[in-house]
Amino acid sequence: MPRLLPLLLALLLATAAQAEVAPDAMRRGEEAAAAFVRQVPPTTPVAALPRLSNPATRPMLEALWNSEAVLAGRPQGEAGTQALQRWGDAGATMLRRYLGILQAGVNDQAELGRRIAAHQDELTRAFTFLLRVGTSVQQGARDRVSRLPEAQRRGPEVTQALERLGTGLAQISQGMLGLLRTQGLRPENSRAMAEALAQDLPLFRPLLTPQLRQAVAQSAAGVAPGLQDAPTREAVEQVRQMLAGAE
C-alpha cells in the first residue's frame, strides 16, 4: 500500500508567495478529501464506494485526484510546495481508505483482483495523481535546497530528507507497476500509468539510490513481458532502460 512522501518541514519554510499549482484546484482537492471522509467511512461496503462512472461522485474524485492541475504548475518551485504536499497527503489518505475497503475480508487473491479490476478507473487516477504530486514536491524541495549554503546542502538533514523523497517515489512507482499486472486492465488505464512513469522518472531519477533504481528497474522488467498493449509495454521498457545505467 502506498505511503505518500514525508513532509519536509526542515526544508520547506512557510512563504507568502502564491502556489504555482492553481490555489483553487488545491482548495477544491482538500474540500473533496473532507467530503470523501464524510461519505466513505472505513466500514463502507465495496458496492458503495465512490465511482467515476457515478455522476453524483465523479466531481469529488476528479477534484481529489486532479493530475492535470499538478502538471499545469510545473516546474514546481519552492513557493506553494507545502500546500501541494498537504493536498497530496489528503489524496494518499483517501487512496489508502479506498484500498483498505477493497481488501477488507478478502482472503482469495482472485477475488481481490476482480475488485481491483472493477475499480481500475479510480485506482489509475489516484496512483497517477500521487506520482505527479510526488514528482512536483521533489522539484520544489530541490529548488529550496539549491539556494541553501553549500555546507547545509551537503548536510545529513538535507541528504536524508531528499533520500526519503526518492524512497517514496520509488514506492509509488512500484505500486503502479504492480497495478499494471491486473487482469482486465483496459489499455487507456495501463497507458496512463505507464506513460506517467516514463514522463516523470527523468525528473526524480537523481533522488533514487542505486538500490532503488535497481528495485524499480526489476519491477519494470518483470511486468513488461506480460503487457498486451504495445504503447504500455514501450513506456514500461523506457522506464527500465532509464534505470538500467550504473549511475
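Trp 65 and Tyr 98 are both buried, where buried denotes under 20% relative accessible area, exposed over 50% and partly exposed in between, for a 1.4 Å probe and protein chains only. The model is predicted, so that local features require pLDDT of at least 70 and side-chain atom pairs count only at pLDDT 80 or more, while totals for chains, interfaces and linings use all residues. Residues are numbered from 1 along each chain as its sequence is written, and side-chain values use heavy atoms, with hydrogens and water left out. This briefing covers an aromatic cluster and a helix contact.

**Aromatic pairs**

- The structure holds 4 aromatic pairs; rings of Phe, Tyr and Trp (its six-membered ring) pair if their centres lie within 6.5 Å, and planes under 30 degrees apart count as stacked, over 60 as edge-to-face and the rest as tilted.
- One of these pairs is formed by Phe 36 and Trp 65, which are tilted, at 6.5 Å centre to centre with 55° between the planes.
- Phe 36 belongs to helix H1 (residues 23-39) and Trp 65 to the loop between helix H2 (58-64) and helix H3 (67-72), so the pair ties together parts that are 29 residues apart in sequence; helices (H or I, at least four residues) and strands (E, at least two) are DSSP runs, numbered from the N terminus.
- Phe 36 is buried, as is Trp 65.
- The ring centres of Trp 65 and Tyr 98 are 6.2 Å apart and the planes stand at 70°, so this pair is edge-to-face.
- Tyr 98 lies in helix H4 (residues 81-103), and its pairing with Trp 65 links distant parts of the chain, 33 residues apart.
- Phe 36, Trp 65 and Tyr 98 form one aromatic cluster.

**Contact of H8 with H9**

- The axes of H8 and helix H9 (residues 187-204) come within 11 Å and cross at roughly 160°; axes are lines fitted to C-alpha atoms, for helices over the stretch in contact, and angles run from 0 to 180 degrees between N-to-C directions.
- H8 and H9 are therefore roughly antiparallel to each other (angles under 35 degrees count as roughly parallel, over 145 as roughly antiparallel, 65 to 115 as roughly perpendicular and the rest as oblique).
- Leu 169, Ser 173, Met 176, Leu 177 and Leu 179 of H8 meet Met 193, Leu 197 and Phe 204 of H9, contact meaning heavy atoms within 4.5 Å.

**Ser 173**

- Ser 173 is located in helix H8 (residues 156-179) and is buried, with a relative accessible area of 3%.
- Apart from neighbours within four places in sequence, Ser 173 is in contact with Leu 131, Leu 197, Phe 204 and Val 216.
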